[in-house]
Amino acid sequence: MQYNIEGSPMPVAICKLEPGETMITESGAMSWMTPNMKMETTSGGGLGKMLGRALSHESIFLNRYTAQGGVGEIAFASSFPGDIKAFEIGAGQEMIVQKSAFLASTDGVELSTFFQKKLGSGFFGGEGFIMQRLSGRGIAFVEFDGHIKEYELASGQQMVVDTGYLAAMTSSCQMDIQTVPGIKNMLFGGEGIFNTVITGPGKIWLQSMPVVQLAGTIRPFVTSTK
């Protein structure tokens, strides 16, 4: 499989598949394709994985697109201004990404739900409580919101991130939730009560415009109609 990621700020991943090669996507992710791409809708691993995808705001079913009778082409466009990243997934190269980030992948990539292990992270982690784990082997396309900044964290090195700005991290990183210090900071600082703390070693990808933050910003300016 060969691919190009084109366009900004609404990118698209264009993939060329050899005969018999397959791409996996969430429902509705395909933007355009050649006529020889055969589609098949599957449960993607049974009831448990279907429920996990529902919790992470993904479609319950997955679509498989296979090139037949020759080279095929299929494209997957971003649904929000931002970026599409291609990650090589393999042994020791698992990724944890924000829910709804998965766009498409080659056939060998496995999707599962990632829950925070610590109880405090579960109750207060907000957008970071339920994420997606990408494992197996292959190439996965992930869409992020806004500009992406990548950091390499050494062992024990930490980054404090506001809720929703963590786009992805390697599975070697650890995530926890800490309270903002000081009562005045909590009540009047405007940064909320909790922050996400990422501890290395590993890489993290931070996004500049989480869709949830954008929605909260424009909500007061949107008038409802009856």
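Buried, as used here, means under 20% relative accessible area, with exposed being over 50% and partly exposed falling in between (1.4 Å probe, protein chains only).

A few ground rules come next. This is a predicted model, in which local features need pLDDT of at least 70 and side-chain atom pairs count only at pLDDT 80 or more, while totals for chains, interfaces and linings use all residues. Residues are numbered from 1 along each chain as its sequence is written, and side-chain values use heavy atoms, with hydrogens and water left out.

On to the overall picture. The protein chain carries four helices and 19 strands; both are DSSP runs numbered from the N terminus, helices being H or I with at least four residues and strands being E with at least two. Of its 226 residues, 42% count as buried. The chain exposes about 11,900 Å², and carbon and sulfur atoms supply 56% of that area, as worked out by the Shrake-Rupley method with a 1.4 Å probe, where for residues only the protein chains shown count as cover. Among contacts (heavy atoms within 4.5 Å) with a separation of 6 or more, 79% come from residues 24 or more positions apart.

Five of its five residues are buried, so S10 is mostly covered. S10 runs antiparallel to strand S3 (residues 22-26), joined by three bridges; strands pair if DSSP finds at least two bridges between them. Within that pairing, Ile-24 has Ser-105 of S10 as its bridge partner. S10 also pairs with strand S13 (residues 138-145), again in the antiparallel sense and over three bridges, and here Ala-104 stands opposite Phe-141 of S13.

Salt bridges are next, each one being a side-chain nitrogen of Lys or Arg within 4 Å of a carboxyl oxygen of Asp or Glu. The structure holds four of them. One of these joins Asp-107 to Arg-64, with the closest N and O atoms 2.7 Å apart. That pair links distant parts of the chain, 43 residues apart: Asp-107 sits in the loop between strand S10 (102-106) and strand S11 (109-115), and Arg-64 in strand S6 (residues 62-67). Asp-107 is partly exposed at 38% relative accessibility, as is Arg-64 at 23%.

Glu-150 and Lys-203 form another salt bridge, their closest N and O atoms being 3.5 Å apart. Since Glu-150 belongs to strand S14 (residues 148-153) and Lys-203 to strand S19 (residues 202-207), the pair ties together parts that are 53 residues apart in sequence. Glu-150 counts as partly exposed at 40%, and Lys-203 is partly exposed at 31%. Lys-85 and Asp-83 make a salt bridge as well, with 3.5 Å between the closest N and O atoms. Both ends are partly exposed, Lys-85 at 28% relative accessibility and Asp-83 at 23%.

Leaving aside neighbours within four places in sequence, Thr-170 is in contact with Glu-94, Met-95, Gly-202, Lys-203 and Trp-205. Thr-170 itself counts as buried, at 17% relative accessibility.
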